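Please open the structure in a viewer that can select by residue number and draw distances between side-chain atoms.

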Amino acid sequence: MSSPAIPGLSVRPAAASDLAALVRLRDDAARWMPARGVTGQWRPGELDEDHFRRVMAHGEVWLAEADGRIAGAWELWWEEEDAWGPQPPVAGYVHRLMVDRTATAPGTGRLLLDAAERRVAEAGRTRVRLDCLAGNAQLNAYYVGAGYRVVGRKEGKPQPGGAPKSFTLLEKRLG
């Protein structure tokens, strides 16, 4: 897949050779958040290569590249019972949308979200769902601005390597 909005931006499924880069990207995003006043969400070192390897085995991990550099990534799951409970197979679930802020132009995150939505539609699903830390007002507003609507809240969702947290549940119907 390519994006016409940013020349040279393309997305592809992540491979085992990308695991270290995914960990770096995630850790860099975790360090960026507190500098922007976002606390309590991600911590550097919280996820390792095994995390992304497990996701690749049961879902999908996508990478965006621009001019030969990794620009961002996201996880796409086909079920998400921890947040959403048992559901019919109508949605794809976006997790860990990450952008390398040193290598990308403003708006890249939105382009990655658009690419994730296209992938969900290609799989024949009609909705994209995600969860966002309930206390992160800025990120919740970002997703609402991208066309998602708040459909609920999940208290005490288990977290990899940390205490359970509360999340806003958001959904977008695909046209």
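Which contact joins the side chains of Arg-129 and Glu-171? Select both residues: their side chains are joined by a polar contact of 2.6 Å. A polar contact here is a pair of N or O atoms within 3.5 Å; within protein, one must be able to donate a hydrogen and the other to accept it, and residues adjacent in sequence count only if both atoms are side-chain atoms.

This is a predicted model, in which local features need pLDDT of at least 70 and side-chain atom pairs count only at pLDDT 80 or more, while totals for chains, interfaces and linings use all residues. Residues are numbered from 1 along each chain as its sequence is written, and side-chain values use heavy atoms, with hydrogens and water left out.

**Stop 1: around Arg-129**

Keep Arg-129 selected and show its strand, S5. Helices (H or I, at least four residues) and strands (E, at least two) are DSSP runs, numbered from the N terminus. Arg-129 counts as buried at 3% relative accessibility. Buried means under 20% relative accessible area, exposed over 50%, and partly exposed in between, with a 1.4 Å probe and protein chains only. Next, display the surroundings of Arg-129: leaving aside neighbours within four places in sequence, its contacts include Trp-84, Gln-87, Tyr-93 and Leu-170. Contact means heavy atoms within 4.5 Å.

**Stop 2: the sheet**

Now colour the strands. Seven of them make an open sheet of mixed pairing, in the order S1-S2-S3-S4-S5-S7-S6. Two strands pair if DSSP finds at least two bridges between them. At the edges are S1 (9-13) and S6 (149-159), each of which pairs on one side only. Neighbouring strands of this sheet are turned by 30° against each other on average, direction ignored. Strand S5 (residues 127-133) runs antiparallel to S7, and 7 bridges join the two. Arg-129 stands opposite Glu-171 of S7.

Axes are lines fitted to C-alpha atoms, for helices over the stretch in contact, and angles run from 0 to 180 degrees between N-to-C directions.

**Stop 3: the nonpolar cores**

In soluble globular proteins, nonpolar side chains tend to be buried together. A nonpolar core is a set of buried Ala, Val, Leu, Ile, Met, Phe, Trp, Tyr and Cys residues joined through side-chain atoms within 4.5 Å. Select Trp-74, Val-94, Leu-113, Tyr-143 and Tyr-148, the residues with the most contacts inside the largest core, which has 24 residues. The elements giving two or more residues to this core are S1, S2, S3 (69-77), S4, H4 and S5. Helix H4 supplies the largest share, 6 residues.

Centre on Leu-113: beyond its neighbours within four places in sequence, Leu-113 is in contact with Val-94, Leu-97, Leu-130, Tyr-143, Ala-146 and Tyr-148. Another core, of 17 residues, lies apart from the largest one; Leu-22, Leu-25, Val-61 and Met-98 are among its members.

**Stop 4: salt bridges**

A salt bridge is a side-chain nitrogen of Lys or Arg within 4 Å of a carboxyl oxygen of Asp or Glu. By this rule there are 16 salt bridges.

- Select Arg-119 and Glu-60, whose side chains form a salt bridge (2.6 Å, N to O). Arg-119 lies in helix H4 (residues 108-122) and Glu-60 in strand S2 (residues 60-66), so this pair ties together parts 59 residues apart in sequence. Both residues are buried.
- Select Glu-117 and Lys-172, joined by a salt bridge (3.2 Å, N to O). Glu-117 is in H4 and Lys-172 in S7 (residues 162-173), so the pair ties together parts 55 residues apart in sequence. Glu-117 is buried at 9% relative accessible area, and Lys-172 counts as buried at 18%.
- Select Glu-49 and Arg-53, a salt bridge of 3.8 Å (N to O). Both lie in helix H2 (residues 49-58), 4 residues apart, about one turn of the helix. Glu-49 is partly exposed at 32%, and Arg-53 is partly exposed at 40%.

**Stop 5: Asp-100**

Finally, select Arg-24, Asp-28, Arg-31, Arg-69 and Asp-100, which are linked in a network of salt bridges. Asp-100 sits in the loop between S4 and H4 and counts as buried at 6% relative accessibility. Leaving aside neighbours within four places in sequence, the contacts of Asp-100 include Arg-24, Leu-25, Arg-69 and Gly-72.
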